[in-house]
Amino acid sequence: GVSGSYTIDEVPAGRYVILAAFENDCLVRDPDDIGGTAIQHVEITAGATTTAEGFKVTEALEVFGPGAEGPELVTTATPTLRWKDDSSEDAYEVEVLDAYGEPVWTTTIPGVSGSNEVSVVYAGEALQAGMYYQFRATSLANDGSPRSRTEDLKGVFYLE
C-alpha cells in the first residue's frame, strides 16, 4: 500500500539497491523528486536489522492500451496510446521507448477535463516490425512538475 512497512527476511549480507517499483500494483515511485523518491542504497550485515525509510509512492495512471495487461500486438504504425485521466493535471508528457530503453518519441499534450480517458496518436519515426516499445505518460502540474505516471511494467507493445 501507499503507507506501511515491509519486512524481507533472510536477506544475505551485502550491498543492495532498494526500489519501490516494478510491480503492477497501481502504485509508482512518486515522480515529483521531492523527498523520499530517490533510489536507496543499503548495506546489510549478517544478523542485523536494516531499515530503509522515506519511500514515497503515489497512485499510478492506469494504462488502457496498448499494453494494459501485458505486451500487446498493434497492427498500425501509429497506435493510439490511452491512459486514465489524472484529475489534477495541467498537461501530460508522453514518451515512447524502444526495447533498448532509447526514446523514439516524446510529446507534451494539454490536460483533459470531463473525460476518464486521455489519448494521443503516436507521431514519431516509423516503428519497426517485431520491435518492442513502451509508452509512458506522466501527468504534470501547471509549473511543469510531475504528479504521477504510468506503471513501470505496463504500456508495452510491438508492431506486427
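Rings of Phe, Tyr and Trp (its six-membered ring) form a pair if their centres lie within 6.5 Å; planes under 30 degrees apart count as stacked, over 60 as edge-to-face and the rest as tilted. That rule is used in one of the exercises below.

The model is predicted, and local features need pLDDT of at least 70, side-chain atom pairs count only at pLDDT 80 or more, while totals for chains, interfaces and linings use all residues. Residues are numbered from 1 along each chain as its sequence is written, and side-chain values use heavy atoms, with hydrogens and water left out.

**Exercise 1. Find the aromatic pairs.**
How many aromatic pairs does the rule give, and what geometry do Trp 83 and Tyr 92 have?

Step 1: The count is five aromatic pairs.
Step 2: Trp 83 and Tyr 92 make an edge-to-face pair, with 5.4 Å centre to centre and 70° between the planes.
Step 3: Both Trp 83 and Tyr 92 are buried (buried means under 20% relative accessible area, exposed over 50%, partly exposed in between, with a 1.4 Å probe and protein chains only).
Step 4: Tyr 133 and Phe 157 are stacked, at 5.8 Å centre to centre and 25° between the planes.
Step 5: This pair links distant parts of the chain, since Tyr 133 is in strand S11 (residues 132–140) and Phe 157 in strand S13 (residues 156–159), 24 residues apart. Strands here (E, at least two residues), like helices (H or I, at least four), are DSSP runs numbered from the N terminus.
Step 6: Tyr 133 and Phe 157 are buried.
Step 7: Ring pairs also join Trp 83, Tyr 92 and Phe 135 into a cluster.

**Exercise 2. Look at both faces of a strand.**
Which residues of strand S10 are on the covered face, and which are on the uncovered one?

Step 1: In S10 (residues 117–121), Val 118 and Val 120 make up the covered face.
Step 2: Glu 117, Ser 119 and Val 121 make up the uncovered face.
Step 3: S10 pairs with strand S7 (residues 80–84) in the antiparallel sense over five bridges; two strands pair if DSSP finds at least two bridges between them.
Step 4: Opposite Val 118 in S10 stands Trp 83, the residue that belongs to the ring cluster of Exercise 1.

**Exercise 3. Explore a surface patch.**
Which residues form a nonpolar patch with about 230 Å² of accessible area together?

Step 1: The patch is formed by Val 17, Leu 19 and Ile 39. Patches are made of residues with over 30% relative accessible area and no salt bridge, where like charges are joined within 9 Å and nonpolar side chains (Val, Leu, Ile, Met, Phe, Trp, Tyr) within 5 Å. A salt bridge is a side-chain nitrogen of Lys or Arg within 4 Å of a carboxyl oxygen of Asp or Glu. The areas come from the Shrake-Rupley method with a 1.4 Å probe, and for residues only the protein chains shown count as cover.
Step 2: Leu 19 sits in the loop between strand S1 (14–18) and strand S2 (27–29), and Leu 19 is partly exposed because its relative accessible area is 36%.
Step 3: Ile 39 sits in the loop between S2 and strand S3 (40–44), and its 39% relative accessibility makes Ile 39 partly exposed too.

**Exercise 4. Step back to the whole chain.**
How many helices and strands does the protein chain have?

Step 1: The chain has zero helices and 13 strands.
Step 2: Of its 160 residues, 34% count as buried.
Step 3: The chain exposes about 9,600 Å², and carbon and sulfur atoms supply 47% of that area.
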